[in-house]
Amino acid sequence: MQRIGVFVCHCGSNIAATVDVSKVAEMSLMEPGVVHAEDYQYMCSEAGQAKIAAAIKEKNLTGIVVCSCSPRMHEATFRKAAERAGLNPYMVEIANIREHCSWIHKDMEEATKKAVILMRAAVAKVNLNAPLQAGESRVTKRALVIGGGIAGIQTALDIADAGYEVDIVEKTPSIGGRMSQLDKTFPTLDCSACILTPKMVEASAHEKITIYTYSEVEKVSGFVGDFTVDIRKKARSVDMNKCTGCGVCQEKCPSKKAPSEFNRGLNTRSAIYTPFAQAIPNVPVIDREACIKFKTGKCGICSKVCQAGAVDYEQKDEIISEKYGAIVVATGFDTINLDKYDEYAYSQSKDVITSLELERVMNAAGPTHGHLERLSDGKAPKEIVFIQCVGSRCSDDRGKPYCSKICCMYTAKHAMLIRDKYPDVNVTVFYIDVRTPGKNFDEFYRRAVEQYGVNYIKGQVGKVIPQPDGKLLVQGSDLLDNRQILKEADMVVLATAIEPNPDVRKIATMLTASIDTNNFLTEAHAKLRPVESPTAGIFLSGVCQGPKDIPETVAQAGAAAVKAIGLLAKDKLMTNPCTAQSDVLLCNGCSTCENVCPYGAITYEDKEVNDHGIRETRRVAVVNNALCQGCGACTVACPSGAMDLQGFSNRQILAEVDAICR
Amino acid sequence: MSSEKKQAELIKEISGVNPLKCMKCGKCSASCPSYNEMDIKPHQFVSYVINEDIESLVNSKSLWKCLSCFACVERCPRDVKPGKLIDAARQVVVRQKDQNYLLADEIPELLDPELPQQLLVSAFRRYRR
Amino acid sequence: MQELINRAKELLADGTVARVLGWKAGDLPYNPEPAYFETEEDLKDFVYNGFCGANLSKYMIEASKLEGKTMVCLKPCDTYSFNQLIKEHRVDREKAYIVGVGCKGKLDIERIKKQGIKGIESIEGAEITDEADTLKIQTIYGEKSISYADGMLERCHVCKGKDHMIFDEQIGESKETKDAERFDEVAKIEAMSPEEKFAYFRSELSKCIRCNACRNACPACSCRKCVFDSNKFDSSQKANVDSFEEKMFHIIRAFHVAGRCTDCGECSRVCPQGIPLHLFNRKFIKDIDELYGEYQAGADTDSKAPLTNYTFEDAEPSIVGKRG
Amino acid sequence: MKYSYYPGCTLRTKAKDLDVYARASAAALGIELEEIEDWQCCGGVYPLGSDEIATKLSSVRALNAAKEKEQDLVTMCSACHHVIKRVNDDMKNVEDIRTRANNYMELEEPYAGETEVLHFLEVLRDRVGFDELKKKVKNPLTGKKIGAYYGCLLLRPSKLLSFDDPENPAIIEDFIRAIGAEPVVYPYRNECCGGYISLKEKDLSKGMCEKIMASAEGFGAEMLTTACPLCLYNLNKSTGAKLPVVYFTELLAEALGVKEEVKEEVQK
Amino acid sequence: MPLENKEFKPKIVAFCCNWCSYAGADLAGSSRLTYPADVKIIRVPCSCRVNPMFILRAFEKGADGVIMCGCHPGDCHYSTGNYYARRRMTLLFSMLDYIGVENGRTRVEWVSAAEGVKFSETMNSFVEKIYSLGENVRLGDLRCKS
C-alpha cells in the first residue's frame, strides 16, 4: 500500500476563486492510501515545495499528488522537489485543476466536484505508480539549420561561434533568403544587401559551418540528441569545386526566358543561373526544365564556354546522411497567392503589384534597375496608392486571420522612399489601423506623414478598376470623413499577407514538430519557451514561428542558437523512463508489436523462461529502452496484454477511468 | 428585454450575422454602389445594431437604396455580411402591419410594357409583407 | 479415408513424420475427435468423414514443440489459419507435414438434429469418398434422408474456396459448396434499427455461459494467457459478477483477432449455446474490406495486417455515423 | 444528356428570347431539357430572412421534382438560378430549414439537397465543354466585340454559388470565344446594375447602368450579353440601349445556325 | 443544453494525447473557453495508447460518452500513432454501432495544441450530443442495471 500525500494549490485566486481547495484536500483523505493532505497559496513556490518535502519526510510518503496547474507547466518542478526530498520523481502525479477546471468553470460547487474527481483519478493512478529510473542517451555535437535566410544564417553563426559544427540546408541555389530581395530596411533605411552580404560571407567562410544549397531535407529519424537526417543535394549540373564563378555561361546561355524567382517573376533569367550577383555560393545551377540541352539534347553552349570544365550534365542528386544533436527550423515565409483577391485587379493589371515586387522595382539590381516605373508601359507614375491588410486579418478562407505585422512599417518605408526620391509623386495609403509598436517605429511612420506628406486614409479599398486609358481607379472608403473615395492612380501596391513557407508542413511532419492552423510552428510554451518546439531538440527561428521583422528575427535566431548550444553542450541526456516493457511470461512472440513500433525499438529474442515450473525457450519481445519513446502503440497492438507502458500502464489508466466513472 | 433590444436580436437572428465580428475596415462602404445615396453607410449598420438603435436604422433611407448586390458580403474580410443586416432590417419593417414600402395602388404607374415579371415579383418580396 | 491411412503409414514407416494428427471415432457416429497416432497399429482407429470439422491448425502450436515432424490433415480453410500462425511465429513450418485434404463441406449435427432427426444410430454418405449428395440416417425411428447441403455447417455455404493455401501434398477430392454470400448475414444486421440490433445481440449474448469453448477452438485466439485471465487489465475471471464483462469479452475477443481471423467459423461451431459468434468476426472483416481494401488473413504469410497498417487517407471514425 | 429544366416566370413572357433560343440551341447540341411540370415562380429574390420557409418551398418543389427524375436541374435566368441554388444549399446544409421545409412538403422521401443545380452556362462549360461547343458552331460570330455582363446574381455569394471567380469571372468570356467572337473584358462586368430597385429608385439604377455601359464601351465593346432578364431590361431602359444588350442564348442560337428557325416563336 | 434534462449529469471521459489535445485543453483553459464540467480528461502519451478495453471499461463503469482526441493525421508526435488509433477506433465504433449502441456516444476528434477553440467547441458539441442521447441506458442494460 502506498502512503500518499495530496497537495492542493490555490494558485493565488486562479484556482481558489472557483474551487474550494480545502474541500478537495479534505475529501482526498477519504481516498485509499492518502495519509496526508494540505492546501497552500502557491505550491510551486519555494515555500510550497518545502511543504511537500517536509511532508514526504515526516509522513514517509511513497507517492504524492499535486492538484494544481497543467502537468505541462509544473510536473517537472514537482518531480524535482520530490526527488530532492528523497522520493522517486515518477511517484508524482498532477491533477490539473486549473486549466482543466477552475479556469473553465464558473460555478464553485460544480468546479469543486470536478476537482475532487480529478484528484481521485490522480490518487488512483499514483496508487499503482512504481519508481522509475531515467536512462541516458548521447548527444551528437552537431546542429542542423533548415533554411538559409537571415534567421538560419544568424542561428548557424551563433552556434558555430560557440564551437559546434553546423550544417545549413537551403532549398534555393543561394543562401540569403527574403532579406536578399529587399531594397532597404526599416526603420533606419539601410541597404538590405549591405548588411546581409557580410553575414552570408561570414557563414560561408566559417570553418564550423557547412552550407548545402540547392538541397532539401528528405528524411529525419531519431530523437533529441541523436537525429539522423537525409539531405538531398539536388543535381546542380555544375561542379562546385571546378566553377570559378566567372559568369560567362550565364551570358552565353541562349535560353533566357525562365521567370526570375529572385525578381518575383517580373523579368527573366537564363537557364543556367545564379539567382543574384552576391549569391553564395557563387556557382550557378542549371534549371533543367528551362535548359535546351536537357529538353532537346542539343545546345551544350555553357559547357563549351566554361574554361574550368565545370558544367556536368550527368550530375545526379546525391543523398547525404548526417547525425545531429539539435535541429533549428528557419524556413521563413512567402507572400500569399492573390488569386482570391481579384477585386484589387492584381491579375488584370501589371501596374497592381505586391510590396515585395515593389522592393525589386526599387532595387538597382531589379527589373527596372531601380527606376520607379509602371511595369505595363514603363512610364513614371504620378500617383501611387498603397493598400494595407491585403489578405491579413481576414477571417474567411480567402486570407489569413492574423496580422502580418511587417506591412505597416514597410509601407511607410516605401511611401517615404518614393516621396524622398520622387517628390512630385503623390502617395496615398489606405489603412485599417496603423500598427507600429517597436523602437523608433511610430516615429518612423509619423515622419512619413509629417515630413514626407504621405496621405494616410483610414478605410479599406473595395475595388481597383482598370480604366481604358491604363489608369487605375481606386474605389475606397474614408471612414473618418465618411465618404467614398474614387482615386485615379498610376500604380497600386498591395501589402500582401505573409504566410509560412509552404514546405514547412512537410518538414514539420518529418520532425514531428507541431504546427498551428496557419501552418506556423507551435512553440513549447507561448510565453516561456517561445523558440522551442514541443518536440525535444527542435528549435524555431524566424517567421516559421510567427510573423516578425528583421530585428526580431535576428534576436530569435540568436535565442534559438542559445537553446541549441545548451543542448549540444551536454554530454548525456536523461531519457524518458516511461517506456514500454514486455512481460516475458505473457508474450506470444507474435511480432504484432514490432510491426507498429515507429522506432524499431522492439526486437525478438529466444529466451529461456520459467513459466510456473515449465522451463522452455520462447520467442519473446524485447524493448530497447534507449530507442523507445513511450508512445504506447505496441501496448494496444498486443492481444495478450504482455506489452505495457511504464508510467501509463493499463492498470493505471483503468484506475483513472474507474475513479472518474465512480 | 426592451423592444429595441428585441428588434436588434431579431435582426441578428433573421440575418444570421454577428455584428461583433466587424473590425471596422470599411471595405463594405468602399464596395457599395449605392454609397452616395445612403444616409447610414454600410459600415455603420453594424454599430446601429450593436448599439440597439434600431429606430434610426429602420427609418433610414439606406434600407431602400441597397441593391442587395452582395458586393459587401462577398468582400467583407470578417464574414460580417452587412448586406444581410440591411436585408434583415428591411424585413423587420415590412413585417410590421401597414409598413409595406410598395403600395398596391402605386404599382400601375410604375409599370411599363417591357418590365420583366421578376422585377414585380421580387419587389413584392422585398418591399411587402 | 483409406488413402489417408495408407499415406500416414508410409510417412510413419519411412520416418518422415514422428506422428500423425488426425481423427479417431468418438462414442457417437457423429462426433469424431482429434487424435495423435504414432504407430501403424494406432492408425486402425483413424477416421475421416464429413463430421471431422475441427480446425487442426491450432493443435500444431503444441505439436511444434514436440520432437520430429507431425503429419497434419488440413482442409482448405484450415490452411489459412496455419498460414496465419506461421506469420505470428506460433507454429514451426518445418515441424509440419501438411496433407491438404479435399473438402466437400463439413456437417453440422445440430443442424441435422434441428430437422427433427433424433435417435441417430448411424449415418451413411458422410465419407470423404462419397458424392456428398444425400445423407442416409438410421435412427431408432427408422431411416431418414436429407440432402448433404442441408446438413452442412453455415461456414461451408459461404466457403472461401477449395484451394489449399499451404501443403506438402494433397489427398482427396473437393466439391464446391458455396451457395450463399459471406456478408449477407452481417449486412442484414447492419440494416436493422439500433433497437433491433441491440435486441438481437442482447438475446444472443445473454446465452453465453463463459465456457471459453470459442476461445479454446479459435486458432487466432492463441495467447499463452488470455487478457481475461491475467491481472493486466484487472479483468481476470469474475464470472457471474458483472454481466457486462461477458459482452466486453466477445467484443474484445473479436477485436483482438480482427485482421487475424481467417473466418474459419470454429467459434460458432463449438459454441454449446449456439451463439453465432462468427457474426462479430465477420463484421470486422467486412469493415476492413470496405474501409481498407480486401484482406484475407492467412492467404499469405507476409502481407501487413490491416491493424498494423495505415494510409494517410484512411476513413475517419466518424464514417461509422455517416454510413447510416 | 437529359436535364430537368426550370424556365421561370419571365422566360414565359418578357424574356421569351432567352428561353426559346436556349431550347433551340440545346436541341442543336443534343441536350434534352425536360421542363418541370407545374413549376412555380421562385420569387425572383432569395428570401431575405434566414428564418423564412414558405418562400423557399417553390424552389424545393422544383428541386425535388428533378430529384425524383434523377436529373440535374438546369436554370436559365440568373435570378432563378441564384434563388434555387441557394435554397438547395439550405436544404443540404441547414438542418433547421431542411426539417421545417420537409415538414411542410410531406414528401414520400425527405428532400435533402440531392439535386445538382446547373446554370445553362455551366452545362455548356462543364458538361458540353467549350472546346466541343466550338466544334459545333456553324456561323462563328467572327469580329464581334462582345462584353460579358455578369451582374451580381450569378456570382455572389460565391461560396454558395461556386459559379466562377466573383471578382474576375471568365465563363461568359470563354463562351464568347467559343462562338467565334471576341470578348471584351471591362472592370464593371460584375458590378450590380441596380435591377432590384429599378422599380422605385429609377435614378439610382440609371447611374449604375451608365457606368457599366461607359466602361464596356471604353474598353471597346460593341454589344453586351447577359443571362439576366432584369439586367437586360434595366440596361436597355436606363441607358436607352446605348450598346445593344442581348441574351447569351441568342448569340448561341445564331452561332449554331438555329436562330432563324425559331425567330418567329420569339416574336409571338 | 436542453432544460428537461436538468437532472441528468452525464459522465464523459476524454482521452487526450499529451502532445496535442491535452495541450489544446490547456490552451482552452488559459483562454477561459468554457465547456461543461461533465468532461474529465485522462492524459495519455498518444492516441495510439488508447486501448478499446479502456473505452469499454468506461462504459462498463457508467460513462455516458467517451471521446478520444489526438494529433491531426500526419502530425503525430510519434509519426504514426494516430494512424493506428484511427483504424482501431473506427473498427471499435463500428462494432458498437453494430450491436446497437448509439453511435453518438463515441467520438474521435483531431485537436492540435494550438486549437484551444476547437477543443472547447468539440467538448461543447459532444456534451450536447450526450445530453440529447440521455443516460447510457443501452450499455446500462448490458450491465443488467435496469
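## Before we start

Two residues are in contact when their C-beta atoms, placed from the backbone, lie within 7 Å. Please keep in mind that this is a predicted model.

## Where chain A meets chain B

Let us begin with one of the meeting places. Here 18 residues of chain A are in contact with 17 residues of chain B. On the chain A side, the elements that give two or more residues are β24 (461-466) and β25 (472-478) of chain A. What kinds of residue does chain A bring to this side? They divide into 10 polar, four nonpolar and four charged.

Strand β25(A) pairs with β26 (residues 483-489) of chain A in the antiparallel sense, over seven bridges.

## Where chain A meets chain E

Six pairs of chains touch, and the most contacts among them are between chains A and E. In this pair, 42 residues of chain A are in contact with 44 residues of chain E. Four helices of chain A each supply at least two residues to the side that touches chain E: α4 (98-102), α5 (108-126), α17 (633-637) and α18 (650-661). Which element gives the largest share? That is α18(A), with eight residues.

The residues on this side of chain A divide into 20 nonpolar, 14 polar and eight charged.

No contact joins chain B and chain C, and their closest C-alpha atoms lie 27 Å apart. Chain C and chain D do not touch either, with 15 Å between their nearest C-alpha atoms.

## A look at chain A as a whole

Chain A has 662 residues, and buried residues make up 53% of them. Its secondary structure includes 18 helices and 34 strands. Along the principal axes, the C-alpha trace of chain A spans about 90 × 65 × 40 Å. Among contacts in chain A between residues at least 6 apart in sequence, 70% join residues at least 24 apart.

## A parallel sheet and its helices

Strands of a sheet pair through backbone hydrogen bonds, either parallel or antiparallel. In chain A, four strands form an open sheet in the order β2-β1-β3-β4, with parallel pairing. The edge strands are β2 (34-40) and β4 (92-96) of chain A, each of which pairs on one side only. On average, neighbouring strands of this sheet are turned by 15 degrees against each other, direction ignored.

Strand β1 (residues 4-9) of chain A runs parallel to β2(A) and is joined to it by six bridges. A handy landmark is A:Val6, whose bridge partner in β2(A) is A:Ala37. Helix α2 (residues 46-59) of chain A lies across β1, β2 and β3 (63-68) of chain A, and runs at about 165 degrees to β2(A). Helix α3 (residues 71-84) of chain A also packs on the sheet, where it touches β3 and β4 of chain A. The direction of α3(A) makes about 150 degrees with that of β4(A).

In soluble globular proteins, nonpolar side chains tend to be buried together. The largest nonpolar core here has 174 residues, and those that touch the most other members are A:Val6, A:Ile64, A:Val65, A:Cys67, A:Met119 and E:Val13. The element that gives the most to this core is α5(A), with 11 residues.

Which residues does A:Ile64 touch, leaving aside those up to four places away in sequence? They are A:Ile4, A:Gly5, A:Phe7, A:Ile52, A:Ile56, A:Ala82, A:Met91 and A:Val92. Apart from this core lies another, of 128 residues, among them B:Phe70, D:Val83, D:Leu224 and D:Leu232.

## A look at chain C

Our last stop is chain C, whose secondary structure comes to 12 helices and nine strands. The C-alpha atoms of chain C fill a box of roughly 60 × 50 × 40 Å along the principal axes. Why can its radius of gyration be said to agree with that of a compact globule? With 324 residues such a globule would have a radius near 20 Å, and chain C has 21 Å.

Buried residues make up 44% of the 324 residues in chain C. Of the contacts in chain C with a separation of 6 or more, 66% are between residues 24 or more positions apart.

Definitions and conventions. Residues are numbered from 1 along each chain as its sequence is written. Chains are lettered from A and ligands numbered from 1 in the order in which they are written. This is a predicted model: local features need pLDDT of at least 70, side-chain atom pairs count only at pLDDT 80 or more; totals for chains, interfaces and linings use all residues. Ala, Val, Leu, Ile, Met, Phe, Trp, Tyr, Cys and Pro count as nonpolar, Asp, Glu, Lys and Arg as charged, and the others, Gly among them, as polar. The radius of gyration is taken over C-alpha atoms; the globule rule is 2.2 Å times the number of residues to the power 0.38. A residue is buried if 20 or more other C-beta atoms lie within 10 Å of its own, exposed if 12 or fewer, and partly exposed in between; C-beta atoms are placed from the backbone. Two strands pair if DSSP finds at least two bridges between them. Axes are lines fitted to C-alpha atoms, for helices over the stretch in contact, and angles run from 0 to 180 degrees between N-to-C directions. A nonpolar core is a set of buried Ala, Val, Leu, Ile, Met, Phe, Trp, Tyr and Cys residues joined through C-beta atoms within 7 Å.
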